[in-house]
Amino acid sequence: MIQKFGKTLGFAALALGMGLASSQVAAQDNLEKVMKERGLTQKDVLAAAKTYTPTGGRDEFVAFASGGQSGQVIVYGIPSMRILKYIGVFTPEPWQGYGFDDESKEVLAQGRIKGKDITFGDTHHPAISETNGEYDGKFLFINDKANPRIAVIDLHDFETKQIVVNPILKSEHGGAFVSPNTDYVIEAAQYATPLTHDYVPLSEFNDKYRGAVTYWKFDRKKGRIDESKSFSVELPPYSQDLSDFGKGPSDGWSFTNSFCTERYIGGIENGRPPFEAGCSQKDTDFVHMVNWKKAAELVAAGKADKINGHDVLSIDTAVKEGILFLIPEPKSPHGMDVSPDGKFFIVSGKLDTHASVYSMEKIFKLIENKDFAAKDPYGIPILDLQKSLHTQVSVGLGPLHTQYDSTPCVVYTSIYVDSQVTKWNYCEGKVLDKISIHYNIGHLMTMEGDSVKPQGKYLVSLNKLAIDRFQPVGPLHPQNHQLIDISGDKMELLYDMPLPLGEPHYAVAIKADRLKPVNRYKVGWNSRKDEKSAYRARPGREKIVEENGVVHVYGTLIRSHITPEIVEVEEGQTVSFHLTNLERAEDETHGFAVNEYNVNLSAEPGKTVSATFVADRAGVFPYYCTEFCSALHLEMQGYLLVRPKGTKASGGAVDEGQTYTQDDYTKQVKTNNDTQAVIDSVVAFITSRNFKDFAPVVALVEDATDQLNFAADAKKKSEDYAAKKDFHNGTLWAQQWFQYQVKAADIGLRAKTYLEQNGAVEVKK
Ligand code: RUQ
Ligand code: CUA
């Protein structure tokens, strides 16, 4: 039977390679059958074994991909390629309540341009914060090309905290990339425009239109960009493209390439040749080299001009102070990638077959000796191309971006036209291997591949077209991210992942263990500001108060009720719900949706979220929790009553359908006492083990203790009513006491199972 599967690589050998013991023959038989039925080759099965992640398993790397036009960030694991999260950034995201709660609306409002809401983003390049050039896993930055903006995402909770709008540019592309210690985040222009934002006719393009490169100052302590300490360097109206920061010997410099240095303006409607013809006449364009450390000093010394209230160093000043240079680069280049050791950078020409490797040593020598080939029309010194080059290598047609391997000198370049990835050695200038991808690759990403310590192992090809790779779903196809094994000499294609959210341009991947996100907030937390919310509420202290004409509801959420459950206001009043999730258990998020008022919140454990709106229509509006959080989740509900203007609150007692008797009370109390016996036995088990050595169990125990305290509180209320012979309310509170017990038991059992499965030992008392 085994023989059937090829002679060169026998099935047994494959099984051994996959670590199967000989005792698992039955499993092999099954595998053979499945392979036959599904038409899988041994190569397929090997690829599956390299990517498959069993239940509960974790990935070695986490990738952050731009979400393209969706204005979001896509998070997925490598090698499993399982999507883990979409982070709302420039665009509202209902599940996370992003753009629905007051707190996140404030973040999105920072991205308004001249008072206009911009609710999409053309996100291109994410960047992970770095310490000494290594990814530190603390922050993520991403740019918006269409409306020049940069967003800051804090990786302690994977939430967007800040959006800054570029004060002088109208479009950008060369961002976000960070300096080796994340002092600055770079953002470079794309299409030249007047920096003052005025109307200027195109006939004055050469004189009045400009590009620029902006250096956003990042305040790591605050976790925010400091706009007041950010500045720009004015650049000629060449379409600046991608950027990168120098490191090691080139630290202190940044590099931004360009296209259309012809400064050609189209006008196809008037019979002029289009942009694409006029912008590709010359054989070379320019890399812009800026000494940003010196530029920052010049700004601090008051040498900048104010444009739109923002510090801009003019081209003249930059030239005079010797901080701006141009280096020719072959035809319509795209990628700009500095090597891990900072000694080289690689640029590829989209209309060329070469990748050009530049030597920083040669470049710095030319600058030192003032050995310039020419000056551009704006007086910027131009270095000689040949004198700056280390080597040029023919890598394929339409090379774009380059990423670095863990093996020194080895790189991977995306080849757009040929639909290939070329692996080559830039020190020796020779091609090592090529692999076909599907289809038309843009960026590519190796693990931590743009840091000082690339990790190798995997490469992801971010393809522009998927064409026939997936089940057809209409004319708009998903994107195709292909995972490639780069651990051997030959690249091996492992997996195709469809991404149906937008066109990711760049992505970055970090070793998973460098990320340390929290799984709950301190109770009463405003996550967008990272401080205690002024609107937090504590259990038992919920209240409804009118302040300055606004009805503030200080409420809480906990399995399985919203407090308060009934809120009544008068038509036309402004209502502000502030809800604190009191849960301390992992993954116990509650939602909050109100009928007709477009309110949809997400309150993760500990978070306080608010929704403020004008109750402008009278009526009855149910609200409820939108997350299936517990067995009685459907009962996690309430009513917003908006009485017509000028009418009085009814204030009457609520009549229910059911009346409970002493019998009902006695029965419920017996159930509760039996349940308590079960809980006590679970508690005895947990406390007899070394549970304090297990952080997840400690969290569960805290949560269960909370629930038992609530139970005790409800028990007391039920007994008080029973003592007054009010068995109706006594029974209702006994039922509530039971609900808390059920939750405590559920959590206790989870803790017990965890201890059993993770080798907890008995401790002597
Ligand atoms: S860019 S590939 Cu921003 Cu290369 Cu799109
Ligand atoms: Cu909370 Cu459902």
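Start by selecting Cys260 and Cys279: with -60° about the S-S bond, their link is left-handed. The two cysteines sit in distant parts of the chain, 19 residues apart, with Cys260 in the loop between β13 (253-259) and α6 (275-278) and Cys279 in the loop between α6 and β14 (284-291). Helices here are DSSP runs of H or I with at least four residues, strands are runs of E with at least two, and both are numbered from the N terminus. Zoom in on the sulfur atoms and you'll find them 2.1 Å apart; a disulfide is called when a pair of cysteine sulfur atoms lies within 2.5 Å. Both Cys260 and Cys279 are buried (under 20% relative accessible area; exposed is over 50%, partly exposed in between, with a 1.4 Å probe and protein chains only).

A quick word on what you're looking at: this is a predicted model, where local features need pLDDT of at least 70, side-chain atom pairs count only at pLDDT 80 or more, and totals for chains, interfaces and linings use all residues. Residues are numbered from 1 along each chain as its sequence is written, chains are lettered from A and ligands numbered from 1 in the order in which they are written, and side-chain values use heavy atoms, leaving out hydrogens and water.

Next, pick Cys409 and Cys427, joined by a disulfide with S to S at 1.9 Å. This link is left-handed too, at -80° about the S-S bond. Cys427 counts as partly exposed because its relative accessibility is 30%.

Last stop: ligand 1. Select His124, His125, His173, His334, His401, His443, Lys464 and His505, which surround ligand 1, each with a heavy atom within 4 Å of it.
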